[in-house]
Amino acid sequence: MSEQLDLDHLRQWIGRTTEASDIVTAQLVKGLRATLFQEIGEPKTGDAAPFTVHWCLAQPVFPMSQLGPDGHPTRGGFLPPVPLPRRMWAGGELEFLDTLRVGDEPKRVSRISDVSLKSGSTGTLCFVSVQHEVTTPRGLAIRERQDIVYREMTSTPAATSAKPPPPPPIAKHRESHMADPVLLFRYSALTFNGHRIHYDRDYVTKVEGYPGLIFHGPLQAAFIIELAAKLHGGQPPKKFVYRGVQPLFEGSEFSVNANENGEGLDLWTANSEGQPTMKGTATW
């Protein structure tokens with residue numbers, strides 16, 4: 001399918017913008033706290049939300065007739081119509097300037113900032129970068145770059161590798177949880193994410209060739225950011241840069257890890273074998 005890629009055409013989407021707004025409700029905060037294994041409590045107006053609550057806000061809503069076979073909206077619109085079947089969250093960068101709170105009505109302005117092609121072990125990769133700014137009446141709260149990767153559909157399982165994995169890193173700070181299918185479903189519901197790789201086992205194993213349901217990239221990042229803040233007196237990092245390393249699958253333990261690096265924290269999630277699935281760095 002890579003021969004159908006017209007990079008010049010796709011790059012015409014650079015500079016396109018869209019705006020959306022939403023309300024941080026107490027019910028949303030309770031649901032996200034529960035999903036992140038936090039104390040749920042009874043959040044009231046003015047109480048702080050989890051730091052990545054903006055990923056649950058103002059998500060695009062399309063009719064069922066406009067969804068593709070993977071559960072995503074059909075290609076085109078705000079995002080460029082990349083003709084590669086696999087789409088995943090590859091990583092990005094976050095700057096936290098203010099905490100979103102119950103009762104806030106944030107506005108998000110999004111802009112396509114880049115479209116590029118690379119070659120990887122699975123074939124052609126198309127990266128689309130989107131810049132977001134989230135504001136409240138208090139001013140700019142979050143500045144973000146989100147990197148989305150589109151990949152070819154390969155005939156071999158996506159999670160296999162010819163090289164033996166390196167020894168897993170040793171973490172000074174570590175938290176462990178179970179990658180339960182209910183956890184993945186809850187996060188899909190909170191973010192109105194119809195991507196079938198997170199909840200449809202037949203689809204993800206028989207169509208996309210993975211061994212099981214895939215843990216959301218932003219959910220891994222959310223766990224990492226909450227641990228980073230916990231280790232810094234409840235303050236989120238001023239800047240957090242991260243990237244996905246390999247898929248994390250359902251049905252086993254996963255860990256959230258951190259080490260001091262002299263300037264901030266090296267952070268990562270890892271599978272049950274201790275191999276990193278997402279890596280990031282946080283600075284204050």
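The second largest pocket of this predicted model holds about 260 Å³ of space. A pocket here is an open set of points on a 1 Å grid over the protein atoms alone, where a 1.4 Å probe fits, with protein on both sides within 12 Å along at least five of seven lines; lining residues have an atom within 4 Å of a point. Of the 16 lining residues, Gln38, Phe51, Glu226, Leu227 and Lys230 are the closest to the centre of the second largest pocket. Helix H5 (217-230) and strand E6 (173-178) each supply at least two lining residues, and H5 gives the most, with six. Helices (H or I, at least four residues) and strands (E, at least two) are DSSP runs, numbered from the N terminus.

Residues are numbered from 1 along each chain as its sequence is written. Because the model is predicted, local features need pLDDT of at least 70 and side-chain atom pairs pLDDT 80 or more, while totals for chains, interfaces and linings use all residues; side-chain values use heavy atoms, without hydrogens and water.

Strand E4 (residues 123-136) is largely enclosed by the rest of the structure, because ten of its 14 residues are buried, meaning under 20% relative accessible area with a 1.4 Å probe, protein chains only. Its pairings follow; two strands pair if DSSP finds at least two bridges between them.

| Pair | Sense | Bridges |
|---|---|---|
| E3 (residues 107-120) and E4 | antiparallel | 13 bridges |
| E4 and E5 (residues 139-151) | antiparallel | twelve bridges |

A hairpin of two residues joins E3 to E4, and a hairpin of two residues joins E4 to E5.

Aspartate 70, in the loop between helix H2 (26-35) and strand E2 (86-96), counts as buried at 5% relative accessibility.

Note on methods: Buried < 20%, exposed > 50% of the residue type's maximum accessible area, 1.4 Å probe, protein only. Points joined across faces, edges and corners; volume = space filled by probe spheres on them.
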